[in-house]
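Student: I would like to go through some helix packing and strand pairing. Could we take the structure step by step?
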Amino acid sequence: MVIVTTIRREVLTLPAAELGPDNPLPPLRLLHEVHRIDDRDRDELPRDIARQAGYEPLRSLLPVRVRDGYGRAREPRELDALVIENERLRATVLPGLGGRVASLFHKPTGRELLYRNPVFQPANFALNGAWYSGGIEWNIGATGHTTLSCSPLHAARVTAPDGGEMLRLWEWERLRDLPFQIDLWLPEDSDFLYVGVRIRNPHERPVPTYWWSNIAVPEERRVLAPAEKAWQFGYERRLQKVPAPSCAAIQQLPYVADYFYDLPDARRRWIAALDEDGHGLVQTSTDLLRGRKLFVWGKGPGGRRWQQWLTEPGAGGYCEIQAGLARTQLEHVPLEAESEVSWLEAYGPLSSPEAADAVEARLEAALPRADVDAAHAAWKPHADTEPGEVLAVGSGWGALEVLRADWKLPGTPFGESTLGEAQEPWLQLLRAGSFPEPRRVRPPGGTLVAPHWRDMLETAPATPLTEYHLGVAQWHGGDRAQAVRSWERALELAPSLWPLLRCLAVADQESGNHERAADRYADAFDDLCHERRDNGASWTAATAALGREAIEALLAVRRTAEARGIWERLHPGTRERGRFRLIEAGLLLAEGQPEAARDLFRAGFEVADLREGAEAIGRLWARLSDEPLPAHYDFRMRPPEA
């Protein structure tokens with residue numbers, strides 16, 4: 001048999017915004033998260049949904065950093081891509097950006113099966129900030145878009161079940177401390193891209209697991225799934241069972257909505273998005289991947305604005321069809337100790353009339369359900385195959401965890417060669433039992449917070465930097481009083497006070513002591529301004545992040561003059577950013593200058609890191625004017641009365 005499937009490197013050139021530096025402040029609080037339901041509504045849900053919706057929801061982003069350093073200035077940039085191709089399909093994968101399948105092109109018909117974003121524009125949708133739209137994304141970790149949305153994955157060639165080439169992607173998911181892999185291959189002469197996914201739990205305890213494959217398709221598509229009912233989630237935070245929406249109803253929805261199709265247990269798992277002529281994409285899988293979902297932006301002004309925000313004029317909008325481990329995205333599934341879970345997905349073209357039964361019949365003819373199960377069974381022995389040629393390199397966090405625990409993870413090697421600067425101090429803690437002091441003054445690095453790292457910090461010599469990291473780990477573990485004591489102990493000897501003062505300020509806010517929080521924020525910003533050594537990226541990011549929090553804390557207790565003083569000490573480039581124009585408008589209003597604040601709105605600004613579902617712009621405008629919110633600033637995802 002002649003194998004004609006190939007994998008090759010390619011460079012994709014797109015108008016792209018820079019990601020910029022990560023926020024150096026530890027995320028002691030979750031970002032605003034819209035995908036939550038009110039506790040009072042859980043009693044009305046089926047027991048499995050209610051139980052899993054309440055099972056280990058994410059309480060912290062730690063040890064992950066927030067990614068908010070991007071802007072909206074785009075220029076042509078080269079993105080590394082890996083192309084998998086056979087006679088009929090061509091899949092383009094971006095290993096440096098979460099392993100996203102940016103394009104799935106069907107050669108015989110000349111059709112792009114996905115929504116292919118013509119730009120790379122980060123926006124604040126991932127759990128930790130930066131995310132971008134388009135293609136097929138792999139979401140692991142917790143409810144929401146993965147923290148790996150804009151991060152590199154490891155990639156290599158592997159032998160496929162049919163003897164051809166397979167592309168393996170793998171990484172260490174840090175929110176839940178789980179290794180995972182994604183194997184993509186194209187059987188000879190196949191119209192379907194096969195994707196084998198495996199998540200492993202090497203720990204001696206159950207771990208909450210989450211997975212949703214999100215597939216962006218042009219928004220005018222008719223979406224079909226084998227269900228008569230659906231669980232609707234609107235951004236009013238309600239989950240309710242409704243009839244599965246018709247294609248006509250979907251096209252008329254005024255606001256953002258999620259529909260989680262209630263697939264009968266015995267039915268085949270699939271979802272399709274077809275154009276007006278009946279052509280489009282179908283996704284199917286083995287039964288373990290039970291959930292199917294539709295996400296739409298709606299026809300209202302807020303949804304239209306988001307669609308424009310995520311791409312460029314004239315590019316058209318998108319909706320998402322999705323597939324997940326649970327019935328809804330609000331749930332987490334337990335993965336038992338020292339176990340694994342795997343399934344197989346298939347993506348390909350489909351042409352069919354509108355009726356769901358007709359679509360399923362066409363799918364069965366093109367790719368029988370039994371063939372998907374057989375492909376999964378054939379792939380599973382190959383999941384442990386050691387990778388061949390390395391095509392891309394991810395992070396060193398998996399290598400650090402493997403060194404710590406001496407785990408054996410065949411098929412997904414986390415070699416010591418991937419260890420880098422970020423892992424270096426933790427490697428010393430592991431090997432020498434002490435956390436190293438930095439060789440030069442700079443913002444502190446990230447903190448590892450899992451129980452085993454916290455134990456090592458507790459037994460290490462109590463240097464100021466060790467106490468700082470220990471406090472962050474204790475805070476993450478829910479021991480807030482002990483965290484405060486660790487930070488206060490470190491203050492006595494620390495040469496760098498501002499990271500500790502900022503942590504203590506957050507603790508004060510959480511306990512309701514807003515005046516003392518404002519004091520500590522003001523002192524922290526003073527210390528940072530005295531300590532910073534240059535205007536490089538890391539110091540500028542620290543100044544911007546701390547300044548933003550300090551201004552907001554001071555305004556909250558009406559210390560307007562002090563807030564203005566911090567504003568004046570920000571870098572000029574920082575003050576020009578849209579986020580800080582919005583802060584300035586609030587500052588002007590607090591100073592009794594509403595007209596000057598309105599002038600800022602009239603001049604125009606863009607808040608690059610505006611959070612999904614955030615309503616800060618509209619609320620501030622309502623305090624400044626009785627006029628309707630200008631369309632340029634209308635990002636509302638729910639009715640105003642909600």
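Student: Is the crossing in which α9 passes α10 left-handed or right-handed?

Tutor: α9 passes α10 in a left-handed crossing; a crossing is left-handed if the near helix is turned anticlockwise from the far one by less than a right angle, and right-handed if clockwise. This is a predicted model, in which local features need pLDDT of at least 70, side-chain atom pairs count only at pLDDT 80 or more, and totals for chains, interfaces and linings use all residues. Residues are numbered from 1 along each chain as its sequence is written, and side-chain values use heavy atoms, with hydrogens and water left out.

Student: Which residues of α9 and α10 make the contact?

Tutor: Among those on the α9 side are Tyr 468, Leu 470, Val 472 and Trp 475, and the α10 side includes Arg 480, Ala 483, Trp 487 and Arg 489. Contact means heavy atoms within 4.5 Å. By class, this contact of α9 with α10 has 8 nonpolar, 4 polar and 3 charged residues. Ala, Val, Leu, Ile, Met, Phe, Trp, Tyr, Cys and Pro count as nonpolar, Asp, Glu, Lys and Arg as charged, and the others, Gly among them, as polar.

Student: At what angle do the axes of α9 and α10 cross?

Tutor: The axes of α9 (residues 464–476) and α10 (residues 480–491) cross at roughly 165° and come within 8 Å. α9 is therefore roughly antiparallel to α10. Angles under 35 degrees count as roughly parallel, over 145 as roughly antiparallel, 65 to 115 as roughly perpendicular and the rest as oblique.

Student: And how far apart are the axes of α12 and α14?

Tutor: The axes of α12 (residues 514–531) and α14 (residues 560–569) are 11 Å apart, and the helices pack at an angle of about 25°. That angle makes α12 roughly parallel to α14. The crossing of α12 and α14 is left-handed. Ala 522, Phe 525, Asp 526 and Cys 529 of α12 meet Glu 562, Ile 566 and Arg 569 of α14. The classes in this contact of α12 with α14 are 4 nonpolar, no polar and 3 charged residues.

Student: Turning to strands, why is β20 largely enclosed?

Tutor: β20 (residues 279–285) is largely enclosed by the rest of the structure because 6 of its 7 residues are buried, meaning under 20% relative accessible area with a 1.4 Å probe and protein chains only.

Student: In what sense do β19 and β20 pair?

Tutor: β19 (residues 270–274) and β20 pair in the antiparallel sense over 5 bridges; two strands pair if DSSP finds at least two bridges between them. Leu 274 stands opposite Gly 280 in β20. The hairpin of β19 and β20 has 4 residues between the strands, and Gly 278 takes a positive phi near 90° there.

Student: Over how many bridges do β20 and β24 pair?

Tutor: β20 and β24 (residues 339–351) pair in the antiparallel sense over 7 bridges, and Gln 283 stands opposite Tyr 347 in β24.

Note on methods:
Axes are lines fitted to C-alpha atoms, for helices over the stretch in contact, and angles run from 0 to 180 degrees between N-to-C directions. Helices (H or I, at least four residues) and strands (E, at least two) are DSSP runs, numbered from the N terminus. Buried means under 20% relative accessible area, exposed over 50%, partly exposed in between (1.4 Å probe, protein chains only).
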